[in-house]
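Thanks for coming. Let's take a look at this one together.

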Amino acid sequence: MFLLCLLLVLPPSGATAAVVQQTMRPGIPATAEYLAGDRAKPAVLLIHGFQQTREFATVATLARGLNDAGYAVLAPTLSLGIPGRKQSLACEAIHRLGMDDDVAEIARWVAWLKARGHGSIVLFGHSFGSLQGLAYLADKPDPAVRGYLGISLIEARIGGADRAALVSRLQHSVATHKRDLVAHPLSFCRKYLASPESLLSYVRWDQARVLAVLKRPPVPVRLIMGDLDEMAGQNWLGLLQHVQVPMTVIRGANHFMDGEHEFDLLDTALEHLDALKTSPSR
Amino acid sequence: MIRPGQLSIRHLALIFFSALLLFTGLIAGFAAWQTHSVARSMALHNENAVRSELALAVQRLLDTTHRQASDLALWDETRQQLVQPEYYTHWREHRVYESGLLSDRQTRSGLYGLDGRLLAPDPHPRPMPGTLTPGPSPHDPLLWLANEAGRAVLYATHPVYEDDNRQTLLGHVMIRRDVVATLLAREPQLLARATDISLSVRPGERLAATELLDRLGFVVQPNPDQLRFQSILSQTLLALFALMLAAATLGFVVYNRLLVRPLDRLSEDIDAMQRGHFNPRLSSARPMRISELETIRRSLCDYQLQLRKLHGSLENQNREFHSQARQDVLTGCYNRRAYDEDWEAFRAEVKTAPQGVAYLLFDCDRFKAINDTYGHAKGDRVLTIIAGALTMALRANDRLYRLGGDEFATFLSRTTPVQARQIAQRCESLIEAASFSELGIKEPVGLSIGIAFCEADAIDRVDDLPKQADIAMYAAKQPGRSRIALYGEDTRGTAQTLVASRETHALFQALSEPGMIELHYQAIHSLPGHRIDYYEALARIRDDGELILPAAFLPLVNSRRLETAFDLAVLNQLDADLLSGLLPAGCGISINLSAQSLPHAEVVSQLMQLSRHGDRHPLMLEITETSLITQMNEVRTYLELLRTVGYRIAMDDFGTGYSPLRYLVDLPVDVVKLDISLVSKLAEGNRAAQVVADFARMMSDAGYALVAEGVETPQVLDAVERLGIAQVQGELLGLPRPLAELATPSAAQESVLARAPDRENDPDAVEEGNQEAEQPEQRQAK
């Protein structure tokens, strides 16, 4: 793996911050911001939300807070198939990569952290990033990954469509090698444009699959949810509680945990990290 | 330069309204010119503004194009397509537009790989170039202009890098847009400012974008507000001009109807009035609308009425005056003026319409004696009766003219000599039948009529008719002949006519030219002894060497009333003769003088001057007793005056006149010259001789000196001598002799006895004697 680090001066904490880049696949480099921290503490791999970048406020704020607390934080921007992506990707943009590609990129960043000497890594994700992190956990996670914190975790929502029928149709397209782009609601996108294969990889992550992974996680998991999360389904919190996943519900917080709830989020995240120190490794 | 009277009021109106239109037109033209100038300035300003706007628009287009190319190059999805171009077509046809990076679909985009080839063929009708046009450096963005299918397009390329550090070049993005269409689409306001925007780029030509503005052609769209303003102004000016034209036309029509026509009518009426034509419609004409003109028309109408009345009155007066001017007041017939006018017209008429014409000349016989004897009042009555009779005798259309005195004339058209003579005879008959006796005139009043006739084929000689009639009339007056004489038949031929004409000419020439009158002197002898006492001066006219005797010219003198002028001429000649010294000293001179001349101051003055010769030549003044002396008192006064300066007064031709005794009583007469008609009786030895003898003795006893005139025979001379008459005169004793012959003493002292044989041998003397014998009535004039 080739690393190219560019050191930048970050004014808030005075800690060193660097943008690192990895070529995820030929011709498609991806970047991440690495905030160096106390090596005695686990490093946090922080995954941004749907179509966003690491610059998204909830993620960036949380990264700074964690770093300020002494944790090394690596906040990548998933390439989504775009070389050196720097911008939030439009829903109507052409999406060729799927959940597997996202998981692969997470794995590469985990590896990057390990290569940087971080033997203990906690996977953080916000919103759809939580789902991608959960997908990573479900697919042979690296042993260095010691914990998981899902913030405003949601499944791959597809609007009011029949998921089974959609999956069936997409599977048919994939099976028949039809490459025509498909436009379908996904998450907050009303018209998500993607290849059938790409869309199918996301559509398969419905609530049941998420709950199943959460019920038997390979690492300690914890969820931080806002009780006013408008993105979550009406019974999503109840379902989560039903599978008895550790979960902190911040009252009054919405999906983005903005405003004063940023501090609740950070405190809860730090509590989770502290708790992970005392928990036995796998 | 307009001369006075050439400019009419219509011309003035035309000039005024034309000037008004011209002035309006000039104002409109000036306004239009000013508007045009402002419009040009505004258009120039507008053009500059449009050019500036175009420059800004072009710059914006270039900037936008460059920015869009740059944005595309930096766009994540662009890099995505350069790496994974599977869905490049979707990106090119949709994503670049949906993302808003390219605002319009007229702008095409294309991605070129590192090999400079287009990622995928462009199915567009105007596809993007298949390969990237190489620039100086692959890392530099480019902007250029090209002609593509006849349209000017703007190309922009920008390098696409994998990372922000521009370390890894992925390829290039290129966009293309139609310059003009894009400009107009992006700058819609330009359409309102400029039209026909075009870009001149030749096929195959590649221009730097900086030349875009220079190659841009456009037509400035006129400012709509300005156009509207100009249109409104033009329409306003046009409307103003049309309004002024209509107003001027209407004004001219109204002016013409209200002023010019009425004034023309008035002017024509005034002109007609000046020409004497009155417009009868003036008074009934329609009233004029302008009060002042109506006042003038009414005044003119009144004036015309008054003028017509005055004109009619003047015409009547003129006719009356004309008639009076052509009428003889005394006789009522036409006067000399009418004669002159009518004769001229008659001559002209007969020359154009040849016909037989006759000219009748009437003269009253012995009218002078009648006038002298009975006075002018009765003379006038005689003339009136004669005129009435002649008028009655003439044909209805013939006119009688009084030429003067007792002379009348008429000219007859379409007549013959026989008819003319018949008319003359009718005139004579009516005169003879006239009752002159009622006037107390005992003598018969006769009329001599001279007729001249001109045939139609000799009408050119009509001018000679008066002269011929005059000759005929004198022929008629000859004693023993008919009182009606037709020229040619009753005259003695052409010779006499010429003589008469020559004598008349000679008379007037003698009166105007001194020296033509020649005095011959006849001696008056004393008895007994036959000594010459004095000479009587007798007048002759010498014309071209020939001597004209008194019988030939004295009738003319009397008829033309030339007595005074003739007497003055004779006195002047006598004065010259006396000054010549040819007359023997101590020899007296007797002068014949008309009684009519004596009251004239010039005659008396001349006689007074002659009296200076009295010492050398005793002077005697002979007054003929045959003439009627009307101014007796004046004559007597002058005679007494003349006696004081030495003149002796003689009564000539005594015994033949009208009032011999009255003259002797009233006038200071010294000598009585017995007329030959009395003296010749003395030799007859009868009672008449006794009466004459007794009368002579009575006169002698009364103290008058007697002279016996007309002693032509020795018998008469003897009788006179026996009677005791002291002086004699006659051919027997001596004929009148020229002055030059008196210078010889022998001639002066010739005796009757000695001369008797000579006289028979003197042809001149015989001729003179014959002439005087033939014209006894002229002998008194000697």
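**Chain B in brief**

Of the 782 residues in chain B, 46% count as buried; buried means under 20% relative accessible area, exposed over 50%, partly exposed in between, with a 1.4 Å probe and protein chains only. A word on the source. This is a predicted model, where local features need pLDDT of at least 70, side-chain atom pairs count only at pLDDT 80 or more, and totals for chains, interfaces and linings use all residues. Residues are numbered from 1 along each chain as its sequence is written, chains are lettered from A and ligands numbered from 1 in the order in which they are written, and side-chain values use heavy atoms, leaving out hydrogens and water.

Now the fold. Chain B holds 26 helices and 22 strands. These are DSSP runs, numbered from the N terminus: helices are H or I with at least four residues, strands are E with at least two. Chain B has a radius of gyration of 67 Å, well over the 28 Å from the globule rule for 782 residues, so chain B is more spread out than a compact globule. The radius is taken over C-alpha atoms, and the rule is 2.2 Å times the number of residues to the power 0.38. The C-alpha trace spans about 205 × 60 × 55 Å along its principal axes.

Where is S590(B) found? It sits in strand β16, residues 588–593 of chain B. S590(B) is buried, at 0% relative accessible area. Leaving aside residues up to four places away in sequence, S590(B) touches Y534(B), Y535(B), E536(B), A537(B), M620(B) and E622(B). Contact here means heavy atoms within 4.5 Å.
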